[in-house]
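Reader: I have a model open and want to go through a few side chains. Can you take my questions as they come?

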Amino acid sequence: MSPQPPATWNLGGITAHRIDEVALAPETGPWLLPDATPDVVADTPWLRPDFADEAGTLHLSSHSFALTLGSRRVLVDTGIGNGKERANPAWHDLDTDYLDRLTRAGFAPDTVDLVVLTHLHADHVGWNTRLDGAGWVPTFPNARYLSTRTEWDHWAAADMEAPRRQMFRDSVHPIRDAGLLDLVDTSAGPVEVAPGLRLLPAPGHTPGQVAVELRGDDRTALITGDAIHHPVQLARPDIGSCVDIDPALAERTRRALLASVADTGTVLLGSHFAAPTAGRVATQEGAPRPDSAFRFNSTLAQTY
Ligand SMILES: [Zn+2]
């Protein structure tokens, strides 16, 4: 069977492809978003069948977005990676064909110009590097890799436990040591790092996280990073993830991002949203609860 072509969204002068790594295990939802219970899912019928099943199990995905902006070739986040030693058994020592999929989508590793890291967590930096003999080397040797100054400074000052130190050693430090890492200063607000591509500060999940805005000729898109893990958080923006460093700030960021794109036609591309991944955010009229806020019209954005 020939492989499926990647999901693709054409924004006018900018094209985005979803490059799948793995579907996250069914246990991920209750761990990551403990307040997104089956009752909440039952109250939110538009989540089914794409984003949850009838039993209330949340569907979550690990993937990257590969972009062309004119002649530039950009990757947003790099997944979990192969062969990494990880405390989370679902992320440990993966062996996926992610790089083949990326290459088949037209992004051979040595042709990538820019790698944007929304934040420095293990499931967003893994393919920064690949194993070459005994050592970890940059997977994208001709790319500049971007993180933010705030993100870097946070982790540099943090008293990290052993698994996180391991992640920095195998997936972040080799990039810095090869001279490929640039730190963007987003402390004063959004920064355009390529024509049509802006990094928007999205703090809370981590202090220096960014969302990625793509401004095409025909439409605008927003890549969420982990400001929003799952579409259930559109209906219930109060629901945070267990790994948000500052939960109150993460909620303010989530609400602000959603309000900024609601009813505008902006295409929301979720960094962990299962297929179809993209949709438009609409204000929820006649919401079943006073704090129900938005819904996701994913069918509108599947085909361009
Ligand atoms: Zn993540």
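Reader: Which ring does Lys84 lie over?
Author: This is a predicted model. In it, Lys84 lies over the face of Trp136, 4.6 Å from the ring centre.

Reader: And the charged end of Arg73, where does that sit?
Author: Over the ring of Phe107, at 4.7 Å from its centre.

Reader: Rings, then. How many aromatic pairs does the structure hold?
Author: Seven. One of them is Trp155 with Phe168: the ring centres are 6.1 Å apart and the planes are at 50°, so this pair is tilted.

Reader: Which helices do Trp155 and Phe168 lie in?
Author: Trp155 is in α5 (residues 149-157) and Phe168 in α6 (residues 162-177), so the pair ties together parts 13 residues apart in sequence.

Reader: Trp155 and Phe168, buried or exposed?
Author: Both are buried.
Another pair, Phe273 and Phe296, is edge-to-face, with 5.5 Å centre to centre and 90° between the planes.

Reader: Where do Phe273 and Phe296 lie?
Author: Phe273 is in the loop between β14 (267-269) and β15 (278-283), and Phe296 is in strand β16 (residues 294-297), so parts 23 residues apart in sequence are tied together. Phe273 is buried at 0% relative accessible area, and Phe296 is buried at 2%. Ring pairs link these two and Phe51 into a cluster.

Reader: Different topic. Why does Thr224 count as buried?
Author: Because its relative accessibility is 1%, and buried means under 20%. Thr224 is in the loop between β13 (220-223) and α7 (232-235).

Reader: What is Thr224 in contact with, leaving aside neighbours within four places in sequence?
Author: Ala211, Leu268, Leu269, Gly270 and Ser271.

Notes. Residues are numbered from 1 along each chain as its sequence is written. This is a predicted model: local features need pLDDT of at least 70, side-chain atom pairs count only at pLDDT 80 or more; totals for chains, interfaces and linings use all residues. Side-chain values use heavy atoms; hydrogens and water are left out. Helices (H or I, at least four residues) and strands (E, at least two) are DSSP runs, numbered from the N terminus. Buried means under 20% relative accessible area, exposed over 50%, partly exposed in between (1.4 Å probe, protein chains only). Contact means heavy atoms within 4.5 Å. Rings of Phe, Tyr and Trp (its six-membered ring) pair if their centres lie within 6.5 Å; planes under 30 degrees apart count as stacked, over 60 as edge-to-face and the rest as tilted. A charge sits over a ring if NZ of Lys or CZ of Arg is within 6 Å of the ring centre and within 35 degrees of the ring normal.
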